[in-house]
Amino acid sequence: MESDLTPKFAPFFGMGGIAFAMIFGCIGAAYGTAKSGIGISGVGTFRPDLIMKSLIPVVMSGIIAVYALVIAVLIAGDMNPPPQQHYSLFNGFMHLACGLSVGLTGLAAGYAIGVVGDSGDRG
C-alpha cells in the first residue's frame, strides 16, 4: 500500500544508508590497518620485542568496521520485503543519515588511527 508518506522509492535511501556505513567504515578501517601496519614493519626491524604492543592500532581500526556492520544490520532489520513493506520516507532519510554519520566518522577515525598509530609505533 503506497501513500505520499510511504512511496515505493523510500527503501532506496535506507539501502543507501547501509551501503554508506559499510563502504566508508571499511575504507577507514582498511586505511588505519594499512598505515599502522607500515609502522609495525618499521618497528619490527629495529625492536622485534615491541611488535605485540604495536598491534593495538590495528585492533582499534578493525573495530571501526564492526561498528559499521552493526549499524548496517540494525538498519536492515527495520526493512521488510515488499508485500508487507510500510517503510516511510522519514525512515529512509533517517537511515541514510545514520549510515552516513557512522560511515564518515569511521572514515575519519580510521584515518586518525592510521596516522597516530604509525607515528606512535615509530616513536
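These legends describe several close-up views of one predicted model. Residues are numbered from 1 along each chain as its sequence is written, and side-chain values use heavy atoms, with hydrogens and water left out. In this predicted model, local features need pLDDT of at least 70 and side-chain atom pairs count only at pLDDT 80 or more, while totals for chains, interfaces and linings use all residues.

**View 1. Helices α1 and α2 come within 8 Å of each other, axis to axis.**
Helix α1 covers residues 10-46 and helix α2 covers residues 56-77. Helices here are DSSP runs of H or I with at least four residues, numbered from the N terminus. The two axes cross at roughly 175 degrees. Axes are lines fitted to C-alpha atoms, for helices over the stretch in contact, and angles run from 0 to 180 degrees between N-to-C directions. The crossing makes α1 roughly antiparallel to α2, a label for angles over 145 degrees. On the α1 side, the contact (heavy atoms within 4.5 Å) includes G14, G17, I18 and A21. On the α2 side, P57, V58, S61 and I64 are among them. The contact residues divide into 16 nonpolar, 7 polar and no charged. Here Ala, Val, Leu, Ile, Met, Phe, Trp, Tyr, Cys and Pro count as nonpolar, Asp, Glu, Lys and Arg as charged, and the others, Gly among them, as polar.

**View 2. S61 is a buried residue of helix α2.**
The relative accessibility of S61 is 0%. Buried means under 20% relative accessible area, exposed over 50%, and partly exposed in between, with a 1.4 Å probe and protein chains only. Leaving aside residues up to four places away in sequence, S61 touches A29, G32, T33 and I113.

**View 3. V66 also lies in helix α2.**
V66 counts as partly exposed, at 43% relative accessibility. V66 and I40 are 26 residues apart in sequence. In space, their C-alpha atoms are 22 Å apart.

**View 4. Six residues form the largest nonpolar core.**
The members are A10, I18, A72, I75, M79 and Y87. Such a core is a set of buried Ala, Val, Leu, Ile, Met, Phe, Trp, Tyr and Cys residues joined through side-chain atoms within 4.5 Å. Helices α1 and α2 are the elements that give two or more residues to this core. I75 touches G14, G17, I18, H95, C98 and G99, not counting residues up to four places away in sequence.

**View 5. Aromatic rings pair up, 5 pairs in the count.**
Rings of Phe, Tyr and Trp (its six-membered ring) pair if their centres lie within 6.5 Å; planes under 30 degrees apart count as stacked, over 60 as edge-to-face and the rest as tilted. F9 and F13 make an edge-to-face pair, 6.3 Å centre to centre with 75 degrees between the planes. Ring pairs link F9, F12, F13 and F93 into a cluster.

**View 6. Y31 and Y111 form a stacked pair.**
Their ring centres are 5.2 Å apart, with 20 degrees between the planes. Y31 lies in helix α1 and Y111 in helix α3 (residues 89-122), so the pair ties together parts 80 residues apart in sequence. Y31 is partly exposed at 33% relative accessibility. Y111 is partly exposed too, at 49%. Y111 touches G28 and Y31, not counting residues up to four places away in sequence.

Definitions and conventions: Angles under 35 degrees count as roughly parallel, over 145 as roughly antiparallel, 65 to 115 as roughly perpendicular and the rest as oblique.
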